[in-house]
Amino acid sequence: MENMGQAEGGARRESGVAVSSELPPGQRLQRGWPVTHYGPVPRFKPERWEFRVFGATADGDKRCWNHEEFSALPFATVVADLHCVTKFSMIGAEWGGVLARTLLELAPPAPNVTHVMVWAEYGYSANMRLSDFASERTIFATHKDGELLTAEHGFPLRLVVPHLYAWKGPKWVRGVEYMAADRRGFWEERGYHNIGDPWTEQRYSYQEEPGDGPEL
């Protein structure tokens, strides 16, 4: 359920985001990259592919990019870990693609937006706070370690949110919805924690504190 993806110890944090390569509690170092996901691998059809930003945008309009247009957006790289809720962690991968902050600049949210829903193929979704989405290390990845993602790992596009569990970064992403109130995504409706911080082991909904998310 990677996408619902060294010794343990405390990590230095900046603005609430872990910046070391030590493992969060309960995680184990993974060599290699397991293929884990829910449902089948979609077939990529570039002529039909579209990425949308919609919902509570600043101007009330949605923004759309076809695959060629999205591929022409500014390319960035982020070196970051990936922590799966199933307790494996990959350390120090280089993710290449389009920063979430780039999309926020091109399609700004309305002032009252507090959360986003990231939508992927087959109606899969993952919600998160706008502040998590806007992190300088959140990236819509097309590459890992300099190579294009494979279909099994999310090609043509997957979200990587390094400071949250990997299920918050769906594979096969197709759009982002800006929201003025929180709403649970696919796994969050099925018993997983609404926030998903690996450093405090926010794995399951029964661990939630008041204010962590909407009622199930």
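## Strand pairing and an enclosed cavity

Strand β4 (residues 50–55) runs antiparallel to strand β5 (residues 63–66), and four bridges join the two. Within this pairing, E50 has N66 of β5 as its bridge partner. The model described here is a predicted one. Strand β4 also pairs with strand β13 (residues 173–179), in this case in the parallel sense and again over four bridges, and G55 has Y178 of β13 as its bridge partner. The table sets out the two pairings of β4.

| Partner of β4 | Sense | Bridges | Bridge partners |
|---|---|---|---|
| β5 (residues 63–66) | antiparallel | four | E50 and N66 |
| β13 (residues 173–179) | parallel | four | G55 and Y178 |

These strands belong to a chain whose secondary structure comes to three helices and 13 strands. Of the 216 residues in the chain, 51% are buried, while the accessible surface comes to about 10100 Å², with 50% of that area belonging to carbon and sulfur atoms.

The second largest cavity holds about 40 Å³ of space, and its lining is made up of H115, N127, M128, R129, D132, L164, K168, D182, N194 and I195. Strand β9 (residues 125–129) gives the most to this lining, with three residues. By residue class, the lining of the second largest cavity divides into four charged, three polar and three nonpolar residues; among the residues that line the cavity are the charged R129, D132, K168 and D182, as well as the nonpolar M128, L164 and I195.

Technical notes:
Residues are numbered from 1 along each chain as its sequence is written. This is a predicted model: local features need pLDDT of at least 70, side-chain atom pairs count only at pLDDT 80 or more; totals for chains, interfaces and linings use all residues. Side-chain values use heavy atoms; hydrogens and water are left out. On a 1 Å grid over the protein atoms alone, a cavity is a set of points where a 1.4 Å probe fits but cannot get out, and a pocket is an open set with protein on both sides within 12 Å along at least five of seven lines; lining residues have an atom within 4 Å of a point. Grid points are joined across faces, edges and corners, and a volume is the space filled by probe spheres set on the points. Buried means under 20% relative accessible area, exposed over 50%, partly exposed in between (1.4 Å probe, protein chains only). Accessible areas come from the Shrake-Rupley method with a 1.4 Å probe; for residues, only the protein chains shown count as cover. Two strands pair if DSSP finds at least two bridges between them.
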